[in-house]
Amino acid sequence: MIQTNRFLGAAGIAVLCVVGTGSASAQTTGCSLRAAVSAERQTLNCEPGLSITIERGASYRLADRNRDGQVDAVVLNSKAALVDVDNSRIKGGFEVVTPQAIAAVRGTRWAVDAGRGKTSVLVLRGRVAVNKVSTGQGVTLGRGQGVDVDRSRGPLRVTNWKQPRISALMGRLGQ
């Protein structure tokens, strides 16, 4: 099951929407919206141990890759998402897929920002494997580390993100 979403910032509406030709309808995906504290983001509680915060204006869809009825991936085309996975409750891992990268974990907290031609991944807790879609090249990030992934053939460079960059991204996600 795959559901396409576009967060429009409608505060207090506890449904997920499929955006089609000018209309939206409520869907059941195993995820529910947490009451919004801001029109700048929405938080999806998908099951115990999985929380996804999506930035306003993000283009994304939730995916159930193994068809077990549980969300196990976010396909993020633009803007940012913060994913919190408790590996003692979520089995089989979780992925965020963007046009440039695939970020996968067993249990952690990380942020992904998909922009024009570039995806940035930041790990806040745990470890995340990041693979470049165009070449298959991969790196593993630890706490405080990030990587910028584009479509070039150049190598991935893991860096320790400075606090201003972390704060800017996390501020967009209400953290």
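In this predicted model, the largest nonpolar core holds 33 residues, of which I52, L76, F94, W110, V121 and V130 touch the most other members. Strand β8 (residues 73–85) supplies the largest share of this core, five residues. Such a core is a set of buried Ala, Val, Leu, Ile, Met, Phe, Trp, Tyr and Cys residues joined through side-chain atoms within 4.5 Å; buried means under 20% relative accessible area, with a 1.4 Å probe and protein chains only. Strands are DSSP runs of E, at least two residues, numbered from the N terminus. A second, separate core of nine residues includes A80, A111, L122 and L173.

Leaving aside residues up to four places away in sequence, I52 touches Q42, T43, L44, C46, L62, V74, L82, V83 and F94 (heavy atoms within 4.5 Å). E55 lies in strand β6 (residues 50–55) and is buried, at 9% relative accessible area. The E55 side chain makes a polar contact with the side chain of R172 at 2.6 Å (N or O atoms within 3.5 Å, one able to donate a hydrogen and the other to accept it).

Residues are numbered from 1 along each chain, and side-chain values use heavy atoms, without hydrogens or water. Local features need pLDDT of at least 70 and side-chain atom pairs 80 or more, whereas totals for chains, interfaces and linings use all residues.

Note on methods
Buried means under 20% relative accessible area, exposed over 50%, partly exposed in between (1.4 Å probe, protein chains only). Helices (H or I, at least four residues) and strands (E, at least two) are DSSP runs, numbered from the N terminus.
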